Amino acid sequence: MADVVGVGTDLPIGESNLANLRSLTGRMLGHVEEQLHLVGMCIERDDPDLSQQVITSDFQVDQLEERILLSTVSTLALRQPLGRNLREVVGILRSATDLERIGDLSKNTAKRLLTIGPMMDQLPRPAMVQLHHYVADQLQIVGDLMAVEDPETIQGVLRADDRIDELHNSVFGELMAVMKNDQALIAVGIQALFMTKNLERIGDHVTNIAENLYYIHAGDVLPTDRPKSDVTSFMLDEKEHTS
Amino acid sequence: MSSIADIAKSSQLDVDGHDVKVECRDVHVYYGNGAAHAIKGIDMNIREKAVTSFIGPSGCGKSTFLRCINRMNDTIDGCEVTGNISIDGENVYDKTLDVVQLRRRIGMVFQKPNPFPKSIFDNIAYGPRIHGLANSKDELTEIVESSLKRAGIWNEVKDRLDASGTGLSGGQQQRLCIARAIAADPEVILMDEPCSALDPIATGIVEELIEELREKYCIIIVTHSMQQAARVSQKTGFFHLGDLIEFGDTEQIFTNPVEQKTQDYISGRYG
């Protein structure tokens, strides 16, 4: 299953292997973007078939991650890339892990959407749709950055994580309010809390990929003390997120 | 006012504050009475108690530059070296300097192991004898034993010191040559592709030895294997067409080189 190609080609050391790794990453990204897109459609309108499709298609993402792992190990063992090539191989391996996690979180979100079903009408759907759209947009931007190097846009993705946290805080507060007002909605409300937490976590993985791209480009890591805006861990009252 | 000695002393630190053993300034080498310009104005501070590797494609000048340090190029007709190379502030090209003494201070190990067609003992004892480093037979025996021990070959040869050095395996011969270099009590050890004729196991043993020796010596190694440079050295210089393109910490050179030419070379685009 390993996608080792190019041994014995006239390409410079590791270039063919790198091209292969980039191609696998592009395919993995495409699958994950599609999963997240379908999740968005299911949030907007209850669609069990689409949710099921997200769940059953996740194995393709897992398979691609395995192929990237095997191809990365082969490239390191047989080609011993150095400099930027080395950074790119390592960056791709790390990003593949993040993409696999995004796939898993999309799958889990689809499961919860199946559980919530038509009860979604009782929940703050517009806020959840807004959070989803913002996260999906960031994933698309990061996908474009994999193809075209653009350090400024990388920084933009990193800053966008704050906005995702704010949107998550807002949805969290709205869901708390719904559950307080109608205890019959606590069960679906909890499912929705986990679902939106999944979206926020997807945002974190998108940020990780942007950091990997920065490392590939600059050969350096960004400071780890970025301010975090997610306050849901401290919220006991739905109004606290506005303070 | 600073004395000349003070100025010399103050210049013996590199930018990271490490002691500098070999200082090279504007070194040029010409072959064929000026017909070929092989080394083009190289400046370099080479660190004490560290391994510095020179990498670059064939013909880039890395071996030529290495051979400037112990004046091996003096033996080549029509070869001219200009600029300044000093060891501990002492000019290697000073006309009053005794070249034989210089080469005692600078040991050299070559690509192909070249033991003398003599016994293992005599291979090691030769240097100390001609340089008068031992006052008695016991002292000489002690130097031979300690040199073979430091080169990690003592246990393999201690029972056959009278056997011929040329009867050892390739890897053992190379360690014997390293022991021979150490026996003259050098300060700097030059290695010109020391593992290129060795199998991977012998290469691994010699690389471990280099790692141990750096605690005491300034070691400069020319290698065609970038992986070897990455494994054994703390500083790496990349040469191309007689120029020193980039010189820096080995980790930086192999993970984040500054110069595009270095990146192209380490990723196999040419060379």
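Mentor: Arg84(A) and Glu149(A) join their side chains in a salt bridge, with N and O 2.2 Å apart; the term covers a side-chain nitrogen of Lys or Arg within 4 Å of a carboxyl oxygen of Asp or Glu. Arg84(A) sits in helix α3 of chain A and Glu149(A) in the loop between α4 (125–147) and α5 (151–181) of chain A, so this pair ties together parts that are 65 residues apart in sequence. Helices here are DSSP runs of H or I with at least four residues, strands are runs of E with at least two, and both are numbered from the N terminus. Arg84(A) is partly exposed at 26% relative accessibility, and Glu149(A) is partly exposed at 44%. For those words, buried means under 20% relative accessible area, exposed over 50%, and partly exposed in between, with a 1.4 Å probe and protein chains only.

Please keep in mind that this is a predicted model, in which local features need pLDDT of at least 70 and side-chain atom pairs count only at pLDDT 80 or more, while totals for chains, interfaces and linings use all residues. Residues are numbered from 1 along each chain as its sequence is written, chains are lettered from A and ligands numbered from 1 in the order in which they are written, and side-chain values use heavy atoms, with hydrogens and water left out.

Staying with helix α3, look at the loop between α2 (48–79) and α3 of chain A, where Gln80(A) is found. Gln80(A) has a positive phi of about 45 degrees, although it is not a glycine. Most residues other than glycine have a negative phi. Gln80(A) is partly exposed, at 35% relative accessibility.

Twelve residues of chain A are in contact with eleven of chain B, contact being heavy atoms within 4.5 Å. The two chains bury about 950 Å² between them, 49% of it on carbon and sulfur atoms; buried area is the accessible area (1.4 Å probe) that two parts lose on being put together, summed over both.

Back within chain A, Arg45(A) and Asp47(A) form another salt bridge, at 2.8 Å from N to O. Here Arg45(A) is partly exposed at 43% relative accessibility, whereas Asp47(A) is buried at 16%. In chain B, Glu211(B) pairs with Arg214(B), their closest N and O atoms being 3.3 Å apart; Glu211(B) is partly exposed at 35%, and so is Arg214(B) at 24%. Chain B also has a network of salt bridges that links Lys21(B), Glu48(B), Asp88(B), Glu90(B), Arg105(B) and Glu187(B).
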